[in-house]
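The following exercises are to be worked with the sequence and the structure at hand. Each task is followed by a solution in steps.

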Amino acid sequence: MSAVKITEGIYAVGINNPNMRVFDIIMKTDSGTSYNSYLVRGNEKTALIETCHEAFFPQYLENIKEVCPLEEIDYIIMNHNEPDHSGALAKLMALMPNAQLIASQAGSIYLKNITNIENLEIHRVKDGDTLDLGGRVLTFFFAPNLHWPDSMFTWVEDAKTLFTCDFLGCHYCEPYTFDTCIAYPKAYDAALELYYGAIFGPFSSFVRKGLEKIKALPVHPDFICTSHGPVLTKNGKLNEVLSRYEEWSAPSVNKIPVIPVFYTSAYGNTAKLAEKIREGILEAKPYAECETYDIIEHDMAQLHTLINRCNAFAVGSPTLNRDAVAPVWNLLAGVDAINSARKPAMVFGSFGWTGEAVGNIQARLQGLKMNVFGEGFKVNFVPTEEDLEKAKEYGKSFAQSF
């Protein structure tokens, strides 16, 4: 990817990474990604917005130099400081010692530990602060938790261009800079939705605030320059992406309580407990939506959606090798820890020898700050009729507790 002109005085100078298949360890990126960075030129000053991943530094420098010499860059603006944006910053600043680094207050704290530069000088901007490049003014708007506390937007009103960093972006890579040239729209749509769910899903209330900031701009943007994926344009997908974020972030309220019972079962014993716990829940709350879900029989992404939108849940596992089984841990790995705090949960399971699974799951849910019911319910090997009746009563007591 070489430098590309977006509009007068604004250039994309970022890097494509088409081969990346996993981002941040857990997020699939079947379409690769891009590390977008932008140069904004005024009559007197020039600003660089975002940097890129450290691994791509040599090509990144060449892209910048296609637009201007490094010594002409007066400011480096960091809207967000995760290492995929700031990884090249320390090397870049070594070549541009006179450039002023700009970030939010939270960002300034992170950058000191990311760059490990002693006495790093950072100009901390406040919400609504401006920067005059000479005939071109940049305005900074705080956008906390989109998706870090340091996040902010940079607005260039005369160019009707908004820089939103991760917000409204996605891990999607093609040789084309603009959304009007997307060759595989279905792949882009899938990447956009996956990115929203993984990055912004836990912050839906902040997403709505971010969208309100965009609506409050004096004029509607012609371009939204994100840090991953294509530049969004008014003639392309800009309004569509905004609408999808509106839809995805809309508050969801269950009309009736949703209380799923998740489980996995080696020999059917934990499954028997799951059915009885469901019966008990429905005895206490007959109007609830309560179904059992054998974890290995369902799509994990759908289960993650369910565990995050439900009002409460139960989860069961046998004990194998002194622990809960992998499908249960995979289920809990998808829990939205931010919005699931204080959610009621209960644990159950059958075991053969020592029975650590229930306690281990309890500890995990407590670590997620959930409202974990009791000490958990477990039986040795095959549950008796008495065990099954106790399981039913345990489910009933759980449902009565919230």
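Two strands are said to pair if DSSP finds at least two bridges between them. Helices (H or I, at least four residues) and strands (E, at least two) are DSSP runs, numbered from the N terminus. The model is predicted: local features need pLDDT of at least 70, side-chain atom pairs count only at pLDDT 80 or more, and totals for chains, interfaces and linings use all residues. Residues are numbered from 1 along each chain as its sequence is written, and side-chain values use heavy atoms, with hydrogens and water left out.

**Exercise 1.** Determine the strand order of the open sheet formed by 7 strands, and state which strands stand at the edges.

*Solution.* Step 1: the order is E1-E2-E7-E8-E9-E10-E11, with mixed pairing. Step 2: strand E1 (4-7) and strand E11 (122-124) each have a single partner strand, so one side of each is left without a neighbour in the sheet. Step 3: direction ignored, neighbouring strands are turned by 25 degrees against each other on average.

Step 4: the mixed pairing can be followed strand by strand. Strand E2 (residues 10-12) and strand E7 (residues 38-41) run antiparallel and are joined by 3 bridges; Tyr11 has Leu39 in E7 as its bridge partner. Strand E9 (residues 75-77) runs parallel to E10, again through 3 bridges, with Ile77 opposite Ile102. E10 and E11 are likewise parallel, joined by 3 bridges, and here Ile102 stands opposite His123.

**Exercise 2.** Identify the edge strands of the open sheet formed by 6 strands.

*Solution.* Step 1: the strands are arranged as E12-E13-E14-E15-E16-E17, and the pairing is mixed. Step 2: strand E12 (130-132) and strand E17 (232-233) pair on one side only and are the edge strands. Step 3: E17 is joined to strand E16 (residues 223-226) by 2 bridges in an antiparallel arrangement, in which Ile224 faces Leu232.

**Exercise 3.** Describe how helix H6 and helix H7 pack.

*Solution.* Step 1: helix H6 (residues 204-215) and helix H7 (residues 238-249) make an angle of about 145 degrees, with their axes 9 Å apart. Axes are lines fitted to C-alpha atoms, for helices over the stretch in contact, and angles run from 0 to 180 degrees between N-to-C directions. Step 2: contact means heavy atoms within 4.5 Å; on the H6 side Ser204, Val207, Arg208, Leu211, Ile214 and Lys215 take part, meeting Leu242, Tyr245, Glu246 and Ser249 of H7. Step 3: the residues of this contact divide into 5 nonpolar, 2 polar and 3 charged. In this classification Ala, Val, Leu, Ile, Met, Phe, Trp, Tyr, Cys and Pro count as nonpolar, Asp, Glu, Lys and Arg as charged, and the others, Gly among them, as polar.

**Exercise 4.** Characterise the largest cavity and its lining.

*Solution.* Step 1: on a 1 Å grid over the protein atoms alone, a cavity is a set of points where a 1.4 Å probe fits but cannot get out, and lining residues have an atom within 4 Å of a point. Step 2: the structure holds 1 cavity of 30 Å³ or more, and the volume of the largest cavity is about 120 Å³. Grid points are joined across faces, edges and corners, and a volume is the space filled by probe spheres set on the points. Step 3: 15 residues line the largest cavity, and Ser34, Asn36, Tyr176, Thr177 and Gly229 lie nearest its centre. Step 4: the lining comprises 9 nonpolar, 5 polar and 1 charged residues.

Terms used. 1 Å grid on protein atoms, 1.4 Å probe; cavity = no way out; pocket = protein on both sides within 12 Å on 5 of 7 lines; lining within 4 Å.
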